[in-house]
Amino acid sequence: MKKHIQVAAALLFHEGKIFATRRGASPYPYVAHKLEFPGGKIEQGERGEDAVKRELQEELDMDVKVGGLYACHTFEYPDFIITLSLYECEMLSKFVLKEHESYEWIAPKDLDETDWAPADADILGSLKRVFGGC
């Protein structure tokens, strides 16, 4: 039976663009060096809202105000299953990359699924429809 991981991530906008972080090396080639929404694993007994706030503080030294849940879906990778909860967040501070190799601000209309981790890429179509304009 595959391990099932619960993840909370942030949907952050600035000047109409979405914040994405690029993962570094990974034992799982399908997520290595791919873009993702910043966040991480939800710990036992932790709420998703608290997890995303904690993870952004740990990984980016970023303070955020966590809003509503934008999307939640489950994706099965070859080695594990992930349920990704994406929360709308507001940046309250600057940030420092501590664990990611880079970051990008991307206009919703320019989101390219091929550059994203597959679980995150599944949400991009919705973001393009809602925020991408005509």
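Student: Which residue is the bridge partner of A9 in β6?

Tutor: This is a predicted model, and the pairing is read from its coordinates. Strands β1 and β6 run parallel and are joined by ten bridges. Within β6, the residue that is the bridge partner of A9 is L86.

Student: Which residue of β4 is the bridge partner of V7?

Tutor: Strand β1 is also joined to β4, which covers residues 39–41, and here the two strands run antiparallel with three bridges. In β4, the residue paired with V7 is K41.

Student: Through how many residues does the hairpin join β5 to β6?

Tutor: The strands β5 and β6 run antiparallel and are joined by ten bridges. One of the facing pairs is V64 with M91, the latter in β6. As for the hairpin that joins β5 to β6, the number of residues it passes through is three.

Student: Which element gives the largest share of the largest nonpolar core?

Tutor: The largest nonpolar core has 26 residues, and those with the most contacts inside it are F37, Y77, W116, I123 and L127. The elements that give two or more residues to this core are β1, β2, β5, β6 and α2. The largest share amounts to five residues, and the element that supplies them is α2.

Student: How many residues are in the other core, which lies apart from that one?

Tutor: The members of this other core include A10, L12, A51 and V64. The number of residues in this core is twelve.

Student: Is L35 buried or exposed, and what is its relative accessible area?

Tutor: L35 is placed in strand β3, which covers residues 35–36. Leaving aside neighbours within four places in sequence, L35 is in contact with A20, T21, R22, E104, I106, D115, W116 and A117. The limit for a buried residue is under 20% relative accessible area, so L35 counts as buried, its value being 1%.

Student: How does L97 count, and at what relative accessibility?

Tutor: L97 is placed in the loop between β6 and β7. Not counting residues up to four places away in sequence, L97 touches E59, L60, S102 and Y103. L97 counts as partly exposed, at a relative accessibility of 30%.

Student: What is the distance in space, C-alpha to C-alpha, between L97 and M62?

Tutor: In sequence, L97 and M62 are 35 residues apart. In space, their C-alpha to C-alpha distance is 9.5 Å.

Student: What is the phi of H33, which is not a glycine?

Tutor: H33 is placed in the loop between β2 and β3, and at 40% relative accessibility H33 counts as partly exposed. Although H33 is not a glycine, its phi is positive, at about 60°.

Student: Where is D61, which has a positive phi although it is not a glycine?

Tutor: The positive phi of D61 is about 55°, and at 34% relative accessibility D61 counts as partly exposed. The place of D61 is in the loop between α1 and β5.

Student: How many residues apart in sequence are the parts that the salt bridge of E76 and K2 ties together?

Tutor: The closest N and O atoms of E76 and K2 are 2.7 Å apart. E76 counts as exposed, at 52% relative accessibility, whereas K2 is partly exposed, with a relative accessible area of 32%. Because E76 lies in strand β5 and K2 in the segment before β1, the pair ties together parts whose separation in sequence is 74 residues.

Student: What is the N to O distance in the salt bridge where the side chains of E55 and R54 meet?

Tutor: E55 counts as buried at 9% relative accessibility, and R54 counts as buried at 18%. Both residues belong to a network of salt bridges that links E43, E46, R54, E55 and E58. For the pair E55 and R54, the N to O distance is 3.0 Å.

Conventions: Residues are numbered from 1 along each chain as its sequence is written. This is a predicted model: local features need pLDDT of at least 70, side-chain atom pairs count only at pLDDT 80 or more; totals for chains, interfaces and linings use all residues. Side-chain values use heavy atoms; hydrogens and water are left out. A nonpolar core is a set of buried Ala, Val, Leu, Ile, Met, Phe, Trp, Tyr and Cys residues joined through side-chain atoms within 4.5 Å. Buried means under 20% relative accessible area, exposed over 50%, partly exposed in between (1.4 Å probe, protein chains only). Helices (H or I, at least four residues) and strands (E, at least two) are DSSP runs, numbered from the N terminus. Two strands pair if DSSP finds at least two bridges between them. Contact means heavy atoms within 4.5 Å. A salt bridge is a side-chain nitrogen of Lys or Arg within 4 Å of a carboxyl oxygen of Asp or Glu.
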